[in-house]
Amino acid sequence: MTEATGIVGEFLALKEETDADILAMQCGDFYEFFADDAELVADELDLKVSQKSSHGSKYPMAGVPVDDLTPYVSALVERGYRVAVADQHETADGHAREITRVVTPGTHLATGDESAQHLAAVVRHDGGRGADGDTYGLAVADVTTGRFQVTQLDDADASAVLTELYTFSPAEVLPGPELRNDDDFLAALDERSEAAVSLHATEAFAPGRARHRVREQFGAETLESVGIADDDAAIAAAGAVLSYVEETGVGTLAAVTRLQAYGARDHVSLDATTQRNLELTETMQGDSSGSLFATVDHTVTAAGGRLLKRWLQRPRRERGELVRRQSAVAALTREAMAREAIRETLADGYDLERLAARATSGSADARDLRAIEDTLGLLGEVADAVAETERLADSPLADVFSTVDREGAAALAAELDEALVEDPPGTVTQGGLFRRGYDDDLDALIDEHEAALEWLETLPDREKEKTGITHLSVDRNKTDGYYIQVGKSETDRVPDAYEEIKTLKNSKRYTIPELDERERDVLRLEERRHEMEHDRFEELRERVADHAPLLQDVGRALAEVDTLASLAVHAVENDWTRPELTDDGRLDIEAGRHPVVEQTTDFVPNDLEMRPDERDFLVVTGPNMSGKSTYMRQTALIALLAQTGSFVPARSATVGLVDGIYTRVGALDELAQGRSTFMVEMQELSNILHSATEDSLIILDEVGRGTATFDGISIAWAAVEYISTRIHAKTLFATHYHELTSLGESLPNVQNVHVAADERDGDVTFMRTVREGPTNRSYGVHVADLAGVPEPVVDRSRAVLDRLREDKAIEVRGADSGDEGTTQAVFDLSSGQFSSASADGGAATEDSDTSTTDPATAEVIEELRELDVDEMPPVELMAKVQQWQAELDED
Ligand code: ADP
């Protein structure tokens, strides 16, 4: 292979220096991509590829004009690439090029997306002796707003830290030295998150170095004051994020002004599956419309929208904070006029958190600073509107402004207003930015420049008078500079001093010595003026950047008001109620509704009552499509909304605060994603059984459905027992295994409810009402009938169903036992009767969880257990299932 030299050689050498995926190298007025990069970029962005010859070899080449680079970089980064940019600068002997920044999904400042953009580092430290789990540190930054959050999870496992991570929907993740070699961790990350995984230098995670970096950024005492001085894993993650942002050179580190440490106990656990199942920010189909967020979002600012989304994705556990939000929302629901006036004011504002980051990174232009000025001005208006409305003034809404330096904000706004013209241009290098009176030197220069311009402007009149020529003008263009133009008919009257420079069809162009001289003046003054304005602008922008924390405070205060007002608007428009928040583990919902379904349906409200120990586990039965899922999801969503500080869709509600919401819903969506359904289902169940506590809320929909009936029932059965006797989490459990309803008889805290359906003349009418007790039968066959399944199949299913009921009995382990021995319960499917016997008294042994008697069935189950679903091609699988069916039919 020939070694590339020249420009391509330089490109390839620079590419070696970076671990970015793509390099854009400036060559004069273009940024060029060469070789593989050219092809990749051309492919992704529809650019034209040409060939560059370099010393006998040809290389693909693609380029974009210097001023157009940003949108191309954005598009590449949004597709998950990391893009290095090498700029060209002049040197004594020509020019040189070096990589000035690397734009990555987590450090991309020019994003067009209003949602938060999180860069996260995750670190694992060995838990040490005596600990079951390890210690995890997590640091999450949003460089577009300067937010920086850090936590440490002690004695935890990977799924706990992943759950925590997912609530941020990170754009980019930096795994620490240990985790980057942990295949399971990386696979889980890859499967559940769209984040780009980047490997940052191992040294950056080293405890000493990381600690030093964090101190440098936030001040020496900060670690102590936020209480994480001893949390090495958290500090390692924080240090790594900071050094990564610094290394990418995007210049946003200055916007990261405050370290927020939070505890694992601050937020409700919501894993990625639960966020998806509950359709918090997008539907199962991946649309944002139809999600909970889209339904309840009435915010009028981008920052307000981001905050509302964060509240929904990271609900809180601390009652004080929730009651504070609730009280503010309550006050806003009752002050419609003031609320709407405040929202109108807010709608005029811009995204201060993001503008602050633009100022600190040096990318803000004069219009951005004007936008900052305008938005700072709104703070007073909003705060006054709150102060002037008694109910709002007496509510926690007033406290939103208590930590904001209103005087500082007003002073900065005034400074900007004095400095910048009303409507500044979009570029900062062409002058025209500053008001007169802002700076004496600048004013003097502007005076001089304008005097010179005026001389030029009045020159035609003077010359016309002097020469008597009527068709005479003074103009300027790039090639000729300033010139005097005289119409052809009058060129004979031109004085001798006129020096001809060009002849056109109908006119001639001349110059005179004074004009040359003035032209030089004007150009010199213009250049000085542009330079001076640019310098002054940079100074001004730096002063604004120094105020980043203030801008962030104001931005966050306005965002919070917007979010609270949005919750109030939704509550009023949809007749939601303020839930009572308790610590007693109860859940009492009167006439509850599903917040999203109620928007489009004539919704039938339902009650729900759960009490610790007596009634903390509800088995929900009912025909397909009767509304089981909806009922369970609405319960989870009401709990979740209550813990964001929102009102809830119910007539009244008492919500015992939960520490986590866990769901396992349906199987179809997983199938669509081509994952091994049953394996995924079991992984999720396993995660729930490991993570949930008695303070959690669990929603299980059709657990065990992904496998053959007996396996499925057994797993579902065992899960019910485990949760209801060991974990004691509040649980809603929907099943089509009608048999499971008998658990309600053996387990005291397990109760049955069903979604009623009316059956008359073979027609099923869904009532959508939830009633006590189990359904009296399974309606599956009826639904098949209704759906138009051919009659022979329907008849045959009825026959098979009856047969199953006659033949089979399941024997299960009861669970009310202490140490004295386990009770065995035998559930006879034909009679629907449940009989129990003591473990030591009968034929059943303590270990036999289920026994299915006939050998043919046992054989099928055995084969099923052995079968590796992932390995077998679908057609063979189908054949196998048919074979089993035939075998089962035979006996
Ligand atoms: P299941 O889980 O029992 O199969 P779903 O919860 O999926 O049933 O509900 C089936 C349909 O009934 C959905 O289209 C849903 O919108 C509607 N539905 C469910 N509950 C209600 C209700 N309480 N009021 C009105 N419509 C409902």
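**Rings, helices and a buried arginine**

Arg-314 is found in the loop between α11 (302-313) and α12 (319-334), where helices (H or I, at least four residues) and strands (E, at least two) are DSSP runs numbered from the N terminus. This is a predicted model, in which local features need pLDDT of at least 70 and side-chain atom pairs count only at pLDDT 80 or more, while totals for chains, interfaces and linings use all residues. Residues are numbered from 1 along each chain as its sequence is written, and side-chain values use heavy atoms, with hydrogens and water left out.

Back to the arginine. With a relative accessible area of 5%, Arg-314 is buried; buried means under 20% relative accessible area, exposed over 50%, and partly exposed in between, with a 1.4 Å probe and protein chains only. Leaving aside neighbours within four places in sequence, Arg-314 is in contact with Glu-164, Thr-167, Phe-168, Tyr-262 and His-267 (contact means heavy atoms within 4.5 Å). Arg-314 and Leu-270 are 44 residues apart in sequence, yet their C-alpha atoms are 7.6 Å apart in space. The charged end of Arg-314 sits over the ring of Tyr-262, 4.9 Å from the ring centre. For that label, NZ of Lys or CZ of Arg has to be within 6 Å of the ring centre and within 35 degrees of the ring normal. Elsewhere, Arg-325 lies over the face of Trp-311, at 3.8 Å from the ring centre.

Next come the ring pairs. Rings of Phe, Tyr and Trp (its six-membered ring) pair if their centres lie within 6.5 Å, and planes under 30 degrees apart count as stacked, over 60 as edge-to-face and the rest as tilted. By this rule the count is six aromatic pairs. One of them joins Phe-168 and Tyr-262, a tilted pair with 6.4 Å from centre to centre and 50° between the planes. This pair links distant parts of the chain, 94 residues apart: Phe-168 is in the loop between α4 (158-166) and β10 (172-175), and Tyr-262 is in the loop between β12 (260-261) and β13 (269-270). Both Phe-168 and Tyr-262 are buried. The rings of Phe-434 and Tyr-438 have centres 5.0 Å apart and planes at 5°, so that pair is stacked. Phe-434 counts as buried at 6% relative accessibility, whereas Tyr-438, at 23%, counts as partly exposed.

Helix packing brings in α15 (residues 366-388), which packs with α17 (residues 406-419) at an angle of about 140°, the axes being 9 Å apart. Axes here are lines fitted to C-alpha atoms, for helices over the stretch in contact, and angles run from 0 to 180 degrees between N-to-C directions. α15 and α17 are therefore oblique to each other; angles under 35 degrees count as roughly parallel, over 145 as roughly antiparallel, 65 to 115 as roughly perpendicular and the rest as oblique. On the α15 side, the residues making the contact include Leu-369, Ile-372, Leu-376 and Leu-379, and among those on the α17 side are Ala-409, Leu-412, Ala-413 and Leu-416. α15 also meets helix α13 (residues 336-347): their axes come within 10 Å and cross at roughly 175°. α13 and α15 are therefore roughly antiparallel to each other. Here Ile-342, Thr-345 and Leu-346 of α13 meet Leu-378, Glu-381, Val-382, Ala-385 and Val-386 of α15.

Another helix worth a look is α3 (residues 69-78), with buried residues Leu-69, Val-73, Ser-74, Ala-75, Leu-76 and Val-77. These buried residues pack against several elements, including α2 (35-45), β4 (57-65) and β5 (83-91). After α3 comes Gly-80, with a positive phi near 95°. Strand β4 holds Pro-60, which is buried at a relative accessible area of 14%. Not counting residues up to four places away in sequence, Pro-60 touches Phe-33, Phe-34, Ala-35, Ala-38, Glu-39, Val-49, Ser-50 and Gln-51.

Glu-279, in the loop between α9 (272-277) and α10 (292-296), has a phi near 50°. Ala-591, in strand β19 (residues 587-592), likewise has a positive phi near 50°, and Ala-591 counts as buried at 7% relative accessibility.

As for the whole protein chain, the secondary structure comes to 30 helices and 30 strands. Buried residues make up 52% of the 891 residues. Among contacts between residues at least 6 apart in sequence, 67% join residues at least 24 apart.
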